[in-house]
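Good morning, and thank you for the time on today's agenda. Please look at the structure on the screen, and I shall then go through some of its parts.

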Amino acid sequence: MKGETKCNNSLSSSDKVTEGGCWDPDFVPEGLEDLLKTDVTLEAQLLKRDMHGFLSVYQHFLKQTEPSLQWEKIQSPPEDRIQSFESIKAQALPEDITTLLNQLVVLKLNGGLGTSMGCKGPKSLISVRNENTFLDLTIKQIEHLNETHGCDVPLVLMNSFHTDQETEDILKKYSRRHVQILTFTQSRFPRINKESRLPLARSLSMDGANAEAWYPPGHGDVYASLHRSGLLQRFLSQGRKFVFISNIDNLGATVDLHLLSQLANGRPDHSGPPFEFIMEVTDKTQADVKGGTMIQYEGNLRLLEIAQVPRDRIDEFKSVSKFKIFNTNNLWVSLEAIRRLLEEENGINMEVIVNSKTLDGGLTVIQLETAVGAAIQSFQRAIGVNVPRCRFLPVKTTSDLLLVMSNLFSLRQGHLSLNEQRQFKTVPLVKLGNHFTKVRDFLHRFQNIPDLLELDHLTVSGDVTFGKDVTLKGTVIIIANHGDRIDIPTGTILENKIVSGNLRIHDH
């Protein structure tokens, strides 16, 4: 590794710049101003900087009395605004790939915890394949890219206050890798009591009961936090022009030379200037009905999230026939365009997502969040590219984990690719029940990962375990009723079977 840098954010004249522009001091929530006076440490000064971003979002929240989108005005994007990946791959790559790659930064969103899968600490440190974590695989991908093309593509991690320290500690083990790794920490915003509209925090501390008073405000914060960290300007001064942003738990989000070339060179016939923003979308399936989709709204491309959809339109939003694509959250963006927009008065506009959450003690709070893809509306030359499903391989649950650990995929240089022996170029639909939710329990219930090469659909519910060398084909449904247990014996082959009742194998 050429260098590992922790960028300590510092106050500067750009603090007034946020994703949504400047904030109005008349909209400071009662209690927040007093809170900011309770601490004069450096940490407090940095947090006060974060408050500029919070106040901009909070002001937008208070002023918004009507839905941000009128459903009748929503249109499907014109054909020329969503290009096919096949047409882009058909274009010749530039002769000097190394120079093009040296203009690229890879940024992974690394703010999430593994709690939904029963793990402590950053999700990126969960082992997903051959003892490799998400972070291991990401670093291997970038290292291989640099060694293959003789380039120096840096890896940047946007941490949250939840993941920052553990990520910094683990990065020490990569000190000799051929990857420059840099980090910055996104903002932390105060949770707001839903009834009183006052911040929960009684001090700026993260200790004790006060820890629940703060939250990371979604990945839409990446633009302003990257700017404030000083990294945006550093990259521009180094001659870097582009950033590839994606979730670190999306194992399909790798650097694609054709998409990078498309961002850099614009339309194939060079009829216009380069693009500023490319959103990778892919065809929606029944497993993706809640995913955000790209729409045309009043002449601009927009991201429509399910949180923005009126209740009486939810079924329409989930329809695969009307909204045929969804956002993978793989984004290719011009660094110069980010800088330009952040320095303009209106900033980068993104819809505010109001997320109500009930804390352990029963108190209901409001979290104001933004999504990174929602920024598409602010960029002058933005398009979508309909990419193959293999570029969207997220691991959100142990059901996803089963797929990526299986023989459905092969692993090479940190990159997972679909096994060529699989007849269908899509992955099976897998639904594992509550007994499999935590990674520890999941691993305990499989003596080894079954052969899934010919599987179409798997549902497992109840107390079920799998022996060694099990093969699952077609549609397999295994249901152990309450109080029952099913042990699938070693060497079993299940093809288009429903297994229910009670089946236990005892040692003798």
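Which residue stands opposite Q296 in strand 15? The answer is L301. Before I go on, please note that this is a predicted model, in which local features need pLDDT of at least 70 and side-chain atom pairs count only at pLDDT 80 or more, while totals for chains, interfaces and linings use all residues. Residues are numbered from 1 along each chain as its sequence is written, and side-chain values use heavy atoms, with hydrogens and water left out.

Some terms come next. Helices (H or I, at least four residues) and strands (E, at least two) are DSSP runs, numbered from the N terminus. Two strands pair if DSSP finds at least two bridges between them. Buried means under 20% relative accessible area, exposed over 50%, and partly exposed in between, with a 1.4 Å probe and protein chains only.

The protein has 13 helices and 27 strands. Of its 508 residues, 54% are buried.

Let me return to the hairpin. Strand 14 (residues 293-297) and strand 15 run antiparallel and are joined by 5 bridges. There are 2 residues between the two strands, and E298 in the turn has a positive phi of about 50°. Strand 15 (residues 300-304) has 4 of its 5 residues buried, so it is largely enclosed by the rest of the structure.

Strand 22 is joined to strand 23 (residues 455-461) by 4 bridges, and V430 stands opposite L458 in strand 23.

Now to the interior. A nonpolar core is a set of buried Ala, Val, Leu, Ile, Met, Phe, Trp, Tyr and Cys residues joined through side-chain atoms within 4.5 Å. The largest nonpolar core has 72 residues, and L101, L104 and F466 have the most contacts inside it. Helix 5 (residues 134-149) gives the most to this core, with 6 residues. A second, separate core of 41 residues includes V105, V243, A337 and I338.

Finally, consider N159, which is found in strand 7 (residues 155-159). Is N159 buried or exposed? N159 is buried, with a relative accessible area of 0%. Its side chain is joined to that of N110 by a polar contact of 2.7 Å. A polar contact is a pair of N or O atoms within 3.5 Å; within protein, one must be able to donate a hydrogen and the other to accept it, and residues adjacent in sequence count only if both atoms are side-chain atoms. Leaving aside neighbours within four places in sequence, N159 is in contact (heavy atoms within 4.5 Å) with residues including D164, T167 and E168.

Thank you for your attention.
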